[in-house]
Structures are given as C-alpha cells and as structure tokens.
Amino acid sequence: MNPLTQFNRTLILPILIALMLVALVAPASATLPPGNTVEQWNKIAEDTVVGSGAFQTEGLIYMSYTSAAVYDAAVAIDGGFEPYGPPITAPPGASVDCAVVEAAYRTLRYYFSLFPGLVANLDAYYAEALLNFGGCTADGGAGTAVGLQAANDIIALRTGDGRMTPIGTTSSFPTLPPAPGVWRLTPPFQAPQTPWVGNVRRFILQSVDQFLPDPPPSLQSPEWVEAFNEVKAYGPATGSARTDEQTAIAKFWSANVIRQYNRAGRDVVDARGLDLLETARLAAMINLVGADAQMSNLHAKYHYLFWRPVTAINGSLDPTAVTNDGFGPVPGYNDGNPATIEQAGWRPLLTTPNHPEYPSAHGTLTSAMAEVFRAVLGTNRIDLDIHGFDPAGPAGNLNAVRHFERTSDLRREIINARLWAGLHYRLSTVAGIVLGRQVANFDLRHAFQPVD
C-alpha cells in the first residue's frame, strides 16, 4: 500500500474519537518522558530504536526518519526554517503539539510494526499524549492532519533508500585479496556488521562517497609503525601503559551513541530553554547529520577493509586471534615490517566491533556532533555535559558524566579513548574526525536553514 494513502483522512475524526476512548483506559505504565512534546517523543524514539536491537549506525537511520517527520510537522505550523521533506501547508490554528505527536507516532509505528512489544508501548504513549491534549480535537484535527502528512511524506521519500531488513542483518560487500593489512573477523567472530548501511541513500549528502577519506598508510611507513606500537602499548586488556583514569575514559565511551547524543541534545534544550520548533530542529540535526556521518563512515570502512589492532598485533602468532573467514590463513599474516613486533595473546580492553578499522566510527560521529552543537550554540565553547558508561553501574548505564568546554576537547578525548580501548589506531580516529567535520559542515549548510 502506498504510504501516502494508507490513512483515509476523511476518517480522522472517527479515529480520534476511538483513540480518546482508548486514552481513558491507557495503562499506568504509559508515563510520558519529561520535557516538551518533541523531547518526549525524541526519548520515546530513542527507546524504541535501541529496544529493537538495531546496530547503532543502523539505528541512527531510524532516528532520522522520526526526527525528520517531527521537524517537518513543526516547521509546517511554526515556520522559520526550511523543511526537510516536501512543504506542508498547515491550516490556521493547527496545534503544533498534536502535529508532533502524530508525526512521531505514525513514523515509529510504521517502521517498527513487526515488534509487538514496541508497538504496544507506542500505542500507550500515543493514547496518553492524546489525553493530555484533549484528544487533539480543539483545532478540528488540523494538527493531527499535519503530523500525519509529515509522517507519510517522510515514509514515501525514504522508500527504496537502500535500508535492509530485518534489523541487524548483514550483507555482502566488495572484498580484497587476502593479504597483510586486510580486515579479518575479530573475536568473537560475529558476522560483518551491516555493510549495507554504507550504501543507503544519504539524507542530505549528494553521494555515498562524497567525502571518502584518504587511504590508510603503507605497512612499511613510519606512520604505521608509530600507530601499531602506540595501540599495542596503551590498548590491551592486561599489561597496559594506561592509567586508571584513561581506562575509565575508554569505558565511558562504550555507551550507546544514540542515547548519548540525543540525551545531550535534550540537555541543551533544557539548559537553553529552546522552544518546540528549536527542539525539533536540534533533534533533526543530531540524527540526520549523525546518520549521514555514520553511513559515510561505513562506506569508507568497507571500501578500505583495513585490519584491526587485535588482528595486526598477534594474528600470525595466535591462531585464536583469527578464524577461517575467507580473508586469509590461520594463523594470520605478519605485516612484514621489522619495526613492529607482534605479541601473542594480545587482546583489546573492549571487544572489537565486527566491522573494519578505518576510519573510526565513533571519531566520525563525535566530530560531526561537535559541529552540530557548535552550530546550534553559535560557538566552539560548547560547555557541554556528555553522559557515558560507568563501570560501577549496571550494563548499558549512562551514569557517568564528563564535561567538555570546547569542541576541540571533545574531539581530542574520543581520539584517545578509542586508542586506550584498544579498538583503533590513533590515525583511524583522526581520519574519522576529519570525515565527521566534513559531513556535518556540508549538511548544516544545505539543510535546516532559516527562511525570511
């Protein structure tokens, strides 16, 4: 069924009346998150996406669908900025809160319709939201109609964009002949993580390889020797040169990035007193720019297929560091450089994600987010708190907080954190920093612009 015609607008009023009746018996567990309406549905979207089990880069795509629909609904009514999708003409007096609720709910329900538990949660939140706004009938259903159109427009716009299902699925990708430097599956040897994401149609960028980084250095270069030796010394799980503070910082940045940066956005909204439209714009910037940055990163990773530290440091000595994955023998290859010395049994502090090394995904995203916050706040002195993982707390927590005065502080820390975690050579995260800034600068110049 065409998404644009899946809801017959002549039936809006009967549907609203039915939903009002549902709202009267909404379960007590359907307590909306704190904040304005956009903040509430941003957190609901975050919980839905993360709850689906989506890989973080994949999850940013779903966050973008919802954020774009909410942004377009708010712009249609409040004006002031260019819409992301097709312009929507809002009837006079349309409720922007009701438009936001409808846009978020319909988009999320469409993309997560195969998750009964998530759908039940969405239905309960929707019923409570309608109850809070008197069933969204005071404006004659005008706000609801705007939100519905915004959701349908984004669904139609993004249909056929290259997204693959089910969530978490792997895919084929162009390979390189087995050789030193070529990526291998890393312990615990899971399937390659969502290579297809690198070829999804970008939200704002013009092409999938618009900002392809320069290739990683030769294995015979001084740059490679320096990178190899540094991560070998500072990245292992045991026997590391790291301090306790550096270990804590490495673990801090193991938190889910969808939660980290959407929460940071909501914190900015609360601290700066942003209104509903400004909140919708910031959420859209975080997620669409973030998705473009991470899709560009995955494209580069599977283009270069560079090997991870755990493979390079002990692959030819330790048969448990590699597996029969089609990328080379067991044990693996030596880099052939006498200036690098392998170490059998070397393992990183954190488990290596199951996708290639170069460039760093976290470096790319964090750099892009630094640029988003700089743009919104109008200064490189972002004065921003980021919540991350506290090893003393439960799995998946965001109990630790680190403060970043400047964008440069945020970028510098992520470079060190991924090195201290044993996940990346310094040069990979530096390349990610450059890529993230390039993507964000382009996206922010070509979307979300104010209008006269």
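The structure is a predicted model, and the mean pLDDT of its protein chain is 94. Helix α10 (residues 276-304) packs against helix α3 (residues 56-78), and α10 also meets helix α9 (residues 257-272).

**Confidence**

- A pLDDT of 70 or more is reached by 93% of the residues of the protein chain.
- Residues 1-28 have a pLDDT that stays under 50.
- For residues 1-28, the model has 38 contacts beyond four places in sequence.
- Where pLDDT is low, the predicted coordinates should not be read in detail.

**Helix α3 with helix α10**

- The axes of α3 and α10 come within 8 Å of each other, and they cross at roughly 150°.
- Angles over 145 degrees count as roughly antiparallel, and α3 and α10 are therefore roughly antiparallel to each other.
- The crossing of these two helices, α3 and α10, is left-handed.
- On the α3 side, the contact is made by T57, L60, I61, M63, S64, S67, A68, V70, Y71, A74, V75 and D78.
- On the α10 side, the residues in contact with α3 are L277, A280, R281, A283, A284, N287, L288, G290, A291, Q294, M295 and L298.
- By type, the residues of the contact of α3 with α10 comprise 16 nonpolar, six polar and two charged.

**Helix α9 with helix α10**

- The axes of α9 and α10 come within 10 Å, with a crossing angle of roughly 155°.
- That angle makes α9 roughly antiparallel to α10.
- The crossing of α9 and α10 is right-handed.
- From α9, the residues Y261, N262, G265, V268 and V269 take part in the contact, and from α10 the residues T279, L282, I286 and N287.
- The contact of α9 with α10 holds five nonpolar residues, four polar and no charged.

**Residue G436**

- G436 lies in helix α14 (residues 426-446).
- Its relative accessibility is 0%, so G436 counts as buried.
- Setting aside neighbours within four places in sequence, G436 contacts T364, S367 and A368.
- In sequence, G436 and S367 are 69 residues apart, yet their C-alpha atoms are 5.0 Å apart in space.

**Residue Q343**

- Q343 sits in the loop between α11 (309-314) and α12 (361-377).
- Because its relative accessibility is 34%, Q343 counts as partly exposed.
- Not counting residues up to four places away in sequence, Q343 touches K232, I313, N314 and L317.
- Q343 and T48 are 295 residues apart in sequence, and 42 Å separates them in space, C-alpha to C-alpha.

Note on methods: Residues are numbered from 1 along each chain as its sequence is written. This is a predicted model: local features need pLDDT of at least 70, side-chain atom pairs count only at pLDDT 80 or more; totals for chains, interfaces and linings use all residues. Side-chain values use heavy atoms; hydrogens and water are left out. pLDDT is the predictor's confidence in each residue, from 0 to 100. Contact means heavy atoms within 4.5 Å. Axes are lines fitted to C-alpha atoms, for helices over the stretch in contact, and angles run from 0 to 180 degrees between N-to-C directions. Helices (H or I, at least four residues) and strands (E, at least two) are DSSP runs, numbered from the N terminus. Angles under 35 degrees count as roughly parallel, over 145 as roughly antiparallel, 65 to 115 as roughly perpendicular and the rest as oblique. A crossing is left-handed if the near helix is turned anticlockwise from the far one by less than a right angle, and right-handed if clockwise. Ala, Val, Leu, Ile, Met, Phe, Trp, Tyr, Cys and Pro count as nonpolar, Asp, Glu, Lys and Arg as charged, and the others, Gly among them, as polar. Buried means under 20% relative accessible area, exposed over 50%, partly exposed in between (1.4 Å probe, protein chains only).
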